Amino acid sequence: MARFESSTDVQRRRAAVLQLRGRGLLYAEIANRMLEDHPDLLPENYGPGAVRVDVHRALSAATKQVKEETDEAVRLELLRLDAMWAELWPLVVGREDGEPVNLHAVDRLLKISERRAKLMGLEAATQIDVTQRRSFERLLISQAEYDQLVDEYYGGDDPDDMPGLLPGQDNPSPQNT
């Protein structure tokens, strides 16, 4: 008869399985060790396949937890940056006529904006775009470079005037090979 597994038993079993997997044990070795050390936590027919499922589910849960904690930390940091911005903004825009601009406050606001952009991943998109543009620019050649390559390949003859360049016809062999 199958025994009922409480969520606490499942959590304890998965924690033990992850610990053993972290030490480098294979699924079959983990199953054997769990049968020896924690038989009370195991369902019937617990073997390497069940260990693999436990490892996968435990890692998925841990990844989800880390993501949630990271998202929370980012939200808290953004709130702190908002509070700093709110304190400094009046020093920049709320000044009376003739009063000099508080350049230190402007500098701090720019730093806060930079930090916010990094936290929100806004700078990464710009970096990817620049990288892609540079890669594309490497593929482009000027008309002069193209003409030089054509001249070298066809020996100075205009390829448009050469027979055999229509679809289905044999292409002429280059003269410089």
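Modeller: One begins with the terms: helices are DSSP runs of H or I with at least four residues, strands are runs of E with at least two, and both are numbered from the N terminus. The model shown here is predicted. On that basis, the chain has 6 helices and 0 strands, and its pattern along the sequence is α-α-α-α-α-α.

Colleague: What share of the 177 residues is buried?

Modeller: Buried residues amount to 19% of the 177 residues in the chain. The chain exposes about 13,700 Å², of which carbon and sulfur atoms supply 54%. As for contacts with a separation of 6 or more, 46% of them join residues 24 or more positions apart.

Colleague: How is the packing of two helices to be described?

Modeller: Two packed helices are described by the angle between their axes and the distance between those axes. For helix 1 and helix 2, the angle is about 130° and the axes are 10 Å apart. Helix 1 is therefore oblique to helix 2. Their crossing is right-handed.

Colleague: Which residues of helix 1 and helix 2 meet?

Modeller: From helix 1 come Arg-13, Ala-16, Val-17, Leu-20 and Arg-21; from helix 2 come Tyr-27, Ile-30, Arg-33 and Met-34.

Colleague: At what angle do helix 2 and helix 3 pack?

Modeller: Helix 2 and helix 3 pack at about 100°, with their axes 8 Å apart. Because angles of 65 to 115 degrees count as roughly perpendicular, helix 2 is roughly perpendicular to helix 3. In this pair, Tyr-27, Ala-28, Ile-30 and Ala-31 of helix 2 meet Pro-48, Val-51, Arg-52 and Val-55 of helix 3.

Colleague: Which residues form the largest nonpolar core?

Modeller: The largest nonpolar core has 11 residues, namely Ala-16, Val-17, Leu-20, Leu-25, Ile-30, Ala-31, Met-34, Leu-42, Tyr-46, Val-51 and Val-55. Two or more residues of this core come from each of helix 1, helix 2 (27–37) and helix 3 (48–93). There is also a second, separate core of 7 residues, among them Leu-78, Leu-81, Leu-109 and Ile-112. To return to Val-55, its contacts beyond four places in sequence are with Val-17, Leu-18, Arg-21 and Tyr-27.

Colleague: Let us turn to single residues. Is Arg-13 buried or exposed?

Modeller: Buried means under 20% relative accessible area; Arg-13 has 4% relative accessibility and so counts as buried. Arg-13 lies in helix 1 (residues 7–22). Apart from neighbours within four places in sequence, Arg-13 is in contact with Glu-5, Met-34, Leu-41, Leu-42, Pro-43, Tyr-46 and Asp-54. One of these, Leu-41, is 28 residues from Arg-13 in sequence, while the C-alpha atoms of the two are 5.9 Å apart in space.

Key: Residues are numbered from 1 along each chain as its sequence is written. This is a predicted model: local features need pLDDT of at least 70, side-chain atom pairs count only at pLDDT 80 or more; totals for chains, interfaces and linings use all residues. Side-chain values use heavy atoms; hydrogens and water are left out. Buried means under 20% relative accessible area, exposed over 50%, partly exposed in between (1.4 Å probe, protein chains only). Contact means heavy atoms within 4.5 Å. Accessible areas come from the Shrake-Rupley method with a 1.4 Å probe; for residues, only the protein chains shown count as cover. A nonpolar core is a set of buried Ala, Val, Leu, Ile, Met, Phe, Trp, Tyr and Cys residues joined through side-chain atoms within 4.5 Å. Axes are lines fitted to C-alpha atoms, for helices over the stretch in contact, and angles run from 0 to 180 degrees between N-to-C directions. Angles under 35 degrees count as roughly parallel, over 145 as roughly antiparallel, 65 to 115 as roughly perpendicular and the rest as oblique. A crossing is left-handed if the near helix is turned anticlockwise from the far one by less than a right angle, and right-handed if clockwise.
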